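Colleague: I'd like to learn how to read a model like this one. Could you walk me through a few features, one at a time?

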Amino acid sequence: MEFSPPRLEFSGREPLLFPGLGKVLREPMRYWPPAIVERAALEARAGSTRIALIAEPATVTRILLNRGDQFPRARLHDRILGAAYGENLIRGDRLDWRRQRKEIAQPLTTAYSLEMAPRMRRACMRIMDEWAAAGPDAPIDLLRDARRFALDSLWRCFFASESEAAGGPDPVVEAAALTIDAHRTGTLVEHLADLRPLARRALDRGYAGRGPADLGDARDEAADFNTMLLFLHAGHDNVTATLGWALWLLAHHPEIQQQVREEARAAGSDAGPGAAPLANALILETLRLYPPIMHLIRDVTVDLEVAGATIGAGFTAVLSMYAMHRNRLWWPAPDSFRPERFLGKAGEQARRTMLLPFGAGPRGCIGASFALVELVLAVRLIVARFALAPVPGRALDCRVDWVLRPEGEAPLLARPLA
Ligand code: HEM
């Protein structure tokens, strides 16, 4: 029987009358109906607020790519994030967010990320050495180690000197990763508090080879600090979730795991995603099934036609990556794990038109290329060295609290290969 990866079970009933959008985004399964993955759009109300959930790829893309501010990031979105991140340089209501964002995004190119591959590899090697030392029958703490890898790798790539990047992990980085892991089910506010010592250290260090506290020329210390917190969090947390799911899915698909291994061994492990089509497709398929940021929220200021219905100005649009990525209207076998759907010309077309785990457009993720290079590299290094197998009875499940994450205790065995 085909293994079926966990999915969200929605139990809301139409007509959709919500207590408040904040509650719905925190607990989407309770409020949206099962039809969320069968339709292009759904309408709802929360008091006087009119809400449209949109899952049609062309409309979602059109909204995200709009540069004329017809669909600005919703005030609610900034309110939710603002409550956690505080004043920071890329908040929608900062007039200079475009410039500040550009400053942060500048080094985050594919070329920079590929140049950083040896640093990423170092971060991965030390985790793999620990797994090898633990012995073949010791279940590995997948989510803890994915986080330790992701934060260590981010630090090495953006804040460490050449010699530090080649050495052991920075103790402040390691402590931050372990503290966040100990608060696994904590809130974003708690996780950001756990990152404060690291943000202080990062500001003293400077970013991507620039001087201390130089994230632009804001000259605003509190906002600089919050922006650094945002960067450290955004730069490792979603990578942690994606790597956790990807390795776990591979453990359940030994035949795909073997193909990724052969590809990694044939091409050498430093090559970028382009030289590793299957590993790349595996990461894309993982992000399709489990987009960590399930929803993006935009205000609608001009009328929109979606599947024959009008979403008028004044609506709040919930762009649902989850509903779009799992939708029966666009994907064959949407709940199955099939990395091959992202191979070849058709796969490239599907990626470009229907897959949006990083958002898109002026507010899209600035770290998308970096994340893909890092995730593909880590997966290839790991399967080239270990055979991954599930620990019977220890699953990964979905947990949603604004974002979608894996949850589960030590669900994998990593057996060193000869
Ligand atoms: C699998 C990994 C990742 C996923 C799925 C992801 C996804 C996203 C999404 C969906 C957004 C919001 C876009 C919006 O509001 O329209 C975002 C924003 C952001 N991401 Fe990522 N991201 C990932 C990795 C990274 C990495 C590695 C970095 C940095 C190195 C990063 C830095 C940021 C920053 C700074 C923002 C805020 C941009 C803004 O508000 O203008 N992300 N990410």
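**Reading the model, feature by feature**

Modeller: Let's start in a loop: A333 sits between helix 17 (321–325) and helix 18. Helices here are DSSP runs of H or I with at least four residues, strands are runs of E with at least two, and both are numbered from the N terminus. Keep in mind that this is a predicted model, where local features need pLDDT of at least 70, side-chain atom pairs count only at pLDDT 80 or more, and totals for chains, interfaces and linings use all residues. Residues are numbered from 1 along each chain as its sequence is written.

Colleague: What is the phi of A333 near?

Modeller: Most residues other than glycine have a negative phi, and most peptide bonds are trans. A333 has phi near 40°, a positive value in a residue that isn't glycine. A410 also has a positive phi, of about 35°, and is not a glycine either. A410 lies in the loop between strand 10 (403–407) and strand 11 (412–416). As for peptide bonds, the one joining E14 and P15 is cis, with omega about 0°. P15 belongs to the segment before strand 1 (16–18).

Colleague: Is A333 buried or exposed?

Modeller: The idea is to count other C-beta atoms within 10 Å of a residue's own, placed from the backbone: 20 or more is buried, 12 or fewer is exposed, and in between is partly exposed. A333 has 10 of them, so it is exposed. A410 has 15 such neighbours and therefore counts as partly exposed. Over the chain, 43% of the 418 residues count as buried.

Colleague: And R351, which residues is it in contact with?

Modeller: Contact means that two C-beta atoms, placed from the backbone, lie within 7 Å. R351 is in helix 18 (residues 344–354). Setting aside neighbours within four places in sequence, R351 touches L284 and F342. E285 is 66 residues away from R351 in sequence, yet their C-alpha atoms are 9.5 Å apart. R351 is partly exposed because it has 17 C-beta neighbours inside 10 Å.

Colleague: How do I read a pair of helices?

Modeller: Two packed helices are described by the angle between their axes and the distance between the axes. Axes are lines fitted to C-alpha atoms, for helices over the stretch in contact, and angles run from 0 to 180 degrees between N-to-C directions. Helix 15 (residues 254–267) and helix 16 (residues 277–289) have axes that come within 8 Å and cross at roughly 135°. That makes the pair oblique, given that under 35 degrees is roughly parallel, over 145 roughly antiparallel, 65 to 115 roughly perpendicular and the rest oblique. In this contact, Q259, V260, E263 and A264 of helix 15 meet L278, A279 and L282 of helix 16.

Colleague: Which residues come nearest to the ligand?

Modeller: A residue is near a molecule if its C-beta atom, placed from the backbone, lies within 6 Å of it. There are 24 residues around the ligand, and G235, N238, G359, C365 and G367 come nearest. Helix 5 (97–105), helix 13 (221–234), helix 14 (237–251) and helix 19 (368–385) each give at least two residues to that shell.

Colleague: Last one: how many helices and strands does the chain have?

Modeller: The chain has 19 helices and 11 strands. Its C-alpha atoms fill a box of roughly 60 × 60 × 40 Å along the principal axes.
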